[in-house]
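Come along while I look things up one by one.

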Amino acid sequence: MDWSSLSTYWQNMNGPIQATLLITGGLILFFLILFFVLKKVDPLKKTPLWLVPFLWIVDLINGFVKDSIGIRWKSYAPWFLTLTIFIFFANISSVYLLDNPTSYVVVTFALALTTFFVIQASGIASNGIGGYLKSFLDPNPVMLPMNIVSEFTLPISLSLRLFGNVISGTAISILIKKLLQYWAIPIMPFINLLFDIAFGLIQVAVFVILSIIFTSMKIKDEEKIYSK
(Lines give C-alpha, C1' and ligand atoms only; values in the text may rest on other atoms or scores of the structure.)
Protein backbone atom coordinates (compact mmCIF):
# COMPACT_ATOMS: atom_id res chain seq x y z
CA MET A 1 0.00 0.00 0.00
CA ASP A 2 1.31 3.44 -0.98
CA TRP A 3 0.88 5.39 2.27
CA SER A 4 2.13 8.65 0.76
CA SER A 5 -0.55 8.56 -1.94
CA LEU A 6 -3.16 7.70 0.67
CA SER A 7 -2.02 10.62 2.82
CA THR A 8 -2.17 13.00 -0.16
CA TYR A 9 -5.63 11.73 -1.06
CA TRP A 10 -6.79 12.30 2.52
CA GLN A 11 -5.38 15.82 2.63
CA ASN A 12 -7.12 16.69 -0.64
CA MET A 13 -10.50 15.64 0.73
CA ASN A 14 -13.00 18.30 1.67
CA GLY A 15 -13.51 19.00 5.36
CA PRO A 16 -17.03 17.55 5.58
CA ILE A 17 -15.95 14.31 3.89
CA GLN A 18 -13.06 13.90 6.31
CA ALA A 19 -15.31 14.64 9.27
CA THR A 20 -17.98 12.22 8.03
CA LEU A 21 -15.45 9.41 7.59
CA LEU A 22 -13.89 10.05 11.01
CA ILE A 23 -17.27 10.17 12.75
CA THR A 24 -18.47 7.02 10.96
CA GLY A 25 -15.23 5.17 11.70
CA GLY A 26 -15.25 6.28 15.33
CA LEU A 27 -18.85 5.16 15.82
CA ILE A 28 -18.19 1.78 14.18
CA LEU A 29 -15.20 1.21 16.48
CA PHE A 30 -17.16 2.33 19.54
CA PHE A 31 -20.10 0.04 18.87
CA LEU A 32 -17.84 -2.91 18.07
CA ILE A 33 -16.22 -2.47 21.49
CA LEU A 34 -19.66 -2.00 23.06
CA PHE A 35 -20.84 -5.23 21.42
CA PHE A 36 -18.05 -7.28 22.99
CA VAL A 37 -18.55 -5.59 26.36
CA LEU A 38 -22.31 -6.30 26.26
CA LYS A 39 -21.65 -9.99 25.65
CA LYS A 40 -20.18 -10.12 29.16
CA VAL A 41 -23.20 -8.47 30.81
CA ASP A 42 -25.44 -10.93 32.64
CA PRO A 43 -29.10 -10.11 31.74
CA LEU A 44 -30.28 -11.83 34.95
CA LYS A 45 -28.36 -9.41 37.15
CA LYS A 46 -28.96 -5.72 37.86
CA THR A 47 -28.41 -3.50 34.81
CA PRO A 48 -25.04 -1.69 35.05
CA LEU A 49 -25.41 2.06 35.51
CA TRP A 50 -23.30 2.87 32.43
CA LEU A 51 -25.72 0.87 30.26
CA VAL A 52 -28.83 2.82 31.32
CA PRO A 53 -28.40 5.76 28.84
CA PHE A 54 -28.02 3.31 25.93
CA LEU A 55 -31.14 1.41 26.96
CA TRP A 56 -33.03 4.67 27.38
CA ILE A 57 -32.29 5.99 23.88
CA VAL A 58 -33.05 2.60 22.28
CA ASP A 59 -36.32 2.33 24.19
CA LEU A 60 -37.23 5.92 23.25
CA ILE A 61 -36.71 5.33 19.52
CA ASN A 62 -38.39 1.91 19.62
CA GLY A 63 -41.43 3.32 21.42
CA PHE A 64 -41.91 6.19 18.98
CA VAL A 65 -41.45 3.92 15.96
CA LYS A 66 -43.93 1.36 17.38
CA ASP A 67 -46.55 4.06 17.94
CA SER A 68 -46.09 5.60 14.49
CA ILE A 69 -45.31 2.65 12.21
CA GLY A 70 -46.87 -0.30 13.97
CA ILE A 71 -46.30 -3.95 13.13
CA ARG A 72 -43.29 -3.31 10.89
CA TRP A 73 -41.43 -1.32 13.55
CA LYS A 74 -38.53 -3.79 13.86
CA SER A 75 -37.57 -3.12 10.23
CA TYR A 76 -37.39 0.64 10.83
CA ALA A 77 -36.13 1.16 14.38
CA PRO A 78 -32.44 0.31 13.60
CA TRP A 79 -32.41 2.81 10.71
CA PHE A 80 -33.90 5.65 12.74
CA LEU A 81 -31.61 4.88 15.68
CA THR A 82 -28.58 4.96 13.36
CA LEU A 83 -29.80 8.24 11.87
CA THR A 84 -30.22 9.72 15.35
CA ILE A 85 -26.74 8.74 16.50
CA PHE A 86 -24.94 9.88 13.35
CA ILE A 87 -26.69 13.27 13.07
CA PHE A 88 -26.15 14.01 16.77
CA PHE A 89 -22.42 13.34 16.62
CA ALA A 90 -22.19 15.23 13.32
CA ASN A 91 -23.99 18.23 14.84
CA ILE A 92 -21.61 18.40 17.81
CA SER A 93 -18.44 17.64 15.82
CA SER A 94 -17.05 21.13 16.45
CA VAL A 95 -16.80 20.14 20.13
CA TYR A 96 -14.04 17.68 19.18
CA LEU A 97 -12.50 20.07 16.61
CA LEU A 98 -13.88 18.63 13.37
CA ASP A 99 -15.78 20.34 10.57
CA ASN A 100 -19.51 20.00 11.08
CA PRO A 101 -20.75 17.72 8.25
CA THR A 102 -24.35 18.86 8.67
CA SER A 103 -23.33 22.46 8.03
CA TYR A 104 -22.77 21.40 4.40
CA VAL A 105 -25.93 21.01 2.36
CA VAL A 106 -24.50 18.12 0.32
CA VAL A 107 -24.31 16.01 3.51
CA THR A 108 -27.78 16.92 4.76
CA PHE A 109 -29.18 16.25 1.29
CA ALA A 110 -27.56 12.79 1.25
CA LEU A 111 -29.20 12.02 4.61
CA ALA A 112 -32.56 13.36 3.44
CA LEU A 113 -32.34 11.48 0.12
CA THR A 114 -31.67 8.19 1.91
CA THR A 115 -34.65 8.84 4.18
CA PHE A 116 -36.74 9.70 1.10
CA PHE A 117 -36.02 6.26 -0.39
CA VAL A 118 -36.99 4.62 2.92
CA ILE A 119 -40.28 6.57 2.89
CA GLN A 120 -41.10 5.59 -0.71
CA ALA A 121 -40.12 1.96 -0.15
CA SER A 122 -42.45 1.92 2.86
CA GLY A 123 -45.35 3.05 0.68
CA ILE A 124 -44.66 0.32 -1.87
CA ALA A 125 -44.21 -2.40 0.78
CA SER A 126 -47.42 -1.44 2.57
CA ASN A 127 -49.71 -0.66 -0.38
CA GLY A 128 -48.15 -2.52 -3.30
CA ILE A 129 -47.05 -0.83 -6.52
CA GLY A 130 -50.63 -0.19 -7.63
CA GLY A 131 -51.74 1.29 -4.31
CA TYR A 132 -48.57 3.39 -4.08
CA LEU A 133 -49.11 4.91 -7.54
CA LYS A 134 -52.82 5.39 -6.87
CA SER A 135 -51.97 7.49 -3.79
CA PHE A 136 -50.68 10.21 -6.13
CA LEU A 137 -54.25 10.63 -7.38
CA ASP A 138 -55.69 11.35 -3.92
CA PRO A 139 -58.01 13.05 -3.17
CA ASN A 140 -58.76 13.40 -6.92
CA PRO A 141 -56.77 13.04 -10.17
CA VAL A 142 -56.49 16.83 -10.55
CA MET A 143 -54.01 16.78 -7.65
CA LEU A 144 -51.54 14.51 -9.49
CA PRO A 145 -49.04 17.28 -10.44
CA MET A 146 -49.18 18.81 -6.95
CA ASN A 147 -48.74 15.42 -5.27
CA ILE A 148 -45.70 14.63 -7.42
CA VAL A 149 -44.11 18.01 -6.72
CA SER A 150 -44.77 17.80 -2.97
CA GLU A 151 -43.37 14.26 -2.84
CA PHE A 152 -40.12 15.05 -4.62
CA THR A 153 -39.52 18.30 -2.75
CA LEU A 154 -39.56 16.33 0.52
CA PRO A 155 -35.80 15.53 0.58
CA ILE A 156 -35.03 19.15 -0.32
CA SER A 157 -37.21 20.37 2.54
CA LEU A 158 -35.67 17.96 5.07
CA SER A 159 -32.11 18.72 4.01
CA LEU A 160 -32.49 22.50 3.97
CA ARG A 161 -34.24 22.49 7.35
CA LEU A 162 -31.37 20.61 8.98
CA PHE A 163 -28.70 22.57 7.11
CA GLY A 164 -30.28 25.96 7.81
CA ASN A 165 -30.77 25.36 11.52
CA VAL A 166 -27.24 24.03 12.02
CA ILE A 167 -25.55 26.76 9.97
CA SER A 168 -27.56 29.48 11.72
CA GLY A 169 -26.20 28.37 15.11
CA THR A 170 -22.67 28.45 13.71
CA ALA A 171 -23.26 31.91 12.23
CA ILE A 172 -24.57 33.27 15.54
CA SER A 173 -21.50 31.92 17.37
CA ILE A 174 -19.20 33.62 14.85
CA LEU A 175 -21.10 36.92 15.14
CA ILE A 176 -20.79 36.85 18.93
CA LYS A 177 -17.02 36.26 18.62
CA LYS A 178 -16.67 39.12 16.13
CA LEU A 179 -18.82 41.48 18.17
CA LEU A 180 -17.32 40.87 21.62
CA GLN A 181 -13.82 39.87 20.49
CA TYR A 182 -11.67 39.17 23.59
CA TRP A 183 -14.68 39.70 25.86
CA ALA A 184 -16.26 36.65 24.24
CA ILE A 185 -13.64 34.26 25.66
CA PRO A 186 -15.33 33.63 29.04
CA ILE A 187 -18.81 33.13 27.58
CA MET A 188 -17.94 31.12 24.45
CA PRO A 189 -17.90 27.74 26.27
CA PHE A 190 -21.53 28.36 27.26
CA ILE A 191 -22.44 29.61 23.77
CA ASN A 192 -20.86 26.53 22.20
CA LEU A 193 -22.61 24.31 24.73
CA LEU A 194 -25.93 25.90 23.77
CA PHE A 195 -25.58 25.91 19.97
CA ASP A 196 -23.43 22.82 19.44
CA ILE A 197 -25.02 20.43 21.91
CA ALA A 198 -28.47 21.70 22.94
CA PHE A 199 -29.49 22.98 19.49
CA GLY A 200 -27.75 20.02 17.85
CA LEU A 201 -29.89 17.65 19.90
CA ILE A 202 -33.04 19.57 18.98
CA GLN A 203 -32.23 19.35 15.27
CA VAL A 204 -31.70 15.60 15.59
CA ALA A 205 -35.16 15.27 17.15
CA VAL A 206 -36.78 17.41 14.44
CA PHE A 207 -35.18 15.53 11.54
CA VAL A 208 -35.80 12.04 12.92
CA ILE A 209 -39.36 12.71 14.12
CA LEU A 210 -40.34 14.23 10.77
CA SER A 211 -38.77 11.26 8.98
CA ILE A 212 -40.77 8.82 11.11
CA ILE A 213 -43.99 10.78 10.58
CA PHE A 214 -43.52 10.94 6.79
CA THR A 215 -42.80 7.20 6.77
CA SER A 216 -45.91 6.53 8.84
CA MET A 217 -48.04 8.50 6.37
CA LYS A 218 -47.14 5.98 3.65
CA ILE A 219 -48.25 2.96 5.66
CA LYS A 220 -51.81 1.67 5.74
CA ASP A 221 -53.72 2.49 8.92
CA GLU A 222 -54.44 -1.13 9.78
CA GLU A 223 -50.69 -1.87 9.83
CA LYS A 224 -49.97 0.94 12.30
CA ILE A 225 -51.74 -0.86 15.14
CA TYR A 226 -49.05 -2.52 17.24
CA SER A 227 -49.90 -5.04 19.91
CA LYS A 228 -47.36 -6.85 22.06
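Predicted model: local features only at pLDDT ≥ 70, side-chain atom pairs only at ≥ 80, totals over all residues.

**Entry 1: a lysine to start with**

I began with K74, which is exposed because its relative accessible area is 62%. My cut-offs are these: buried means under 20% relative accessible area, exposed over 50%, and partly exposed in between, with a 1.4 Å probe and protein chains only. K74 has its place in helix α4.

**Entry 2: ground rules**

Residues are numbered from 1 along each chain as its sequence is written, and side-chain values use heavy atoms, with hydrogens and water left out.

**Entry 3: the whole chain**

How many helices and strands are there in the chain? I found eight helices and zero strands, so the run from the N terminus on reads α-α-α-α-α-α-α-α. Helices (H or I, at least four residues) and strands (E, at least two) are DSSP runs, numbered from the N terminus. The chain has 228 residues, and buried ones make up 32% of them. I then turned to contacts, meaning heavy atoms within 4.5 Å. Among contacts between residues at least 6 apart in sequence, 69% join residues at least 24 apart.

**Entry 4: back to α4**

F86 lies in helix α4. Is F86 buried or exposed? F86 counts as buried because its relative accessibility is 14%. Leaving aside neighbours within four places in sequence, I found F86 in contact with T20, I23, T24, L27 and L111. F86 and L111 are 25 residues apart along the chain, and their C-alpha atoms are separated by 10.0 Å.

N100 has its place in the loop between α4 and α5. Its relative accessibility is 10%, which means that N100 counts as buried. Next I looked for polar contacts: pairs of N or O atoms within 3.5 Å, where within protein one must be able to donate a hydrogen and the other to accept it, and residues adjacent in sequence count only if both atoms are side-chain atoms. The side chain of N100 makes one with the side chain of T102, at 2.6 Å. A polar atom of the N100 side chain also lies 3.2 Å from the backbone oxygen of N91. With neighbours within four places in sequence left aside, N100 is in contact with A90, N91, S93 and V166.

Q120 is buried, with a relative accessible area of 7%, whereas F117 is exposed, at 52%. Which side chain makes a polar contact with the side chain of Q120? I found that of Y132, at 2.6 Å. Beyond its neighbours within four places in sequence, Q120 is in contact with Y132, E151 and K218. For F117 I noted P155: they are 38 residues apart in sequence and 9.3 Å apart in space, C-alpha to C-alpha.

**Entry 5: rings and charges**

Rings of Phe, Tyr and Trp (its six-membered ring) pair if their centres lie within 6.5 Å; planes under 30 degrees apart count as stacked, over 60 as edge-to-face and the rest as tilted. By this rule I count nine aromatic pairs. One of them is F30 with F31, edge-to-face at 5.1 Å centre to centre and 80 degrees between the planes. F30 counts as partly exposed at 38% relative accessibility, and F31 counts as partly exposed at 32%. Ring pairs link F30, F31, W50 and F54 into a cluster.

A charge sits over a ring if NZ of Lys or CZ of Arg is within 6 Å of the ring centre and within 35 degrees of the ring normal. K66 lies over the face of W73, at 4.5 Å from the ring centre. K218, already noted as a contact of Q120, lies over the face of F136, at 5.5 Å from the ring centre.
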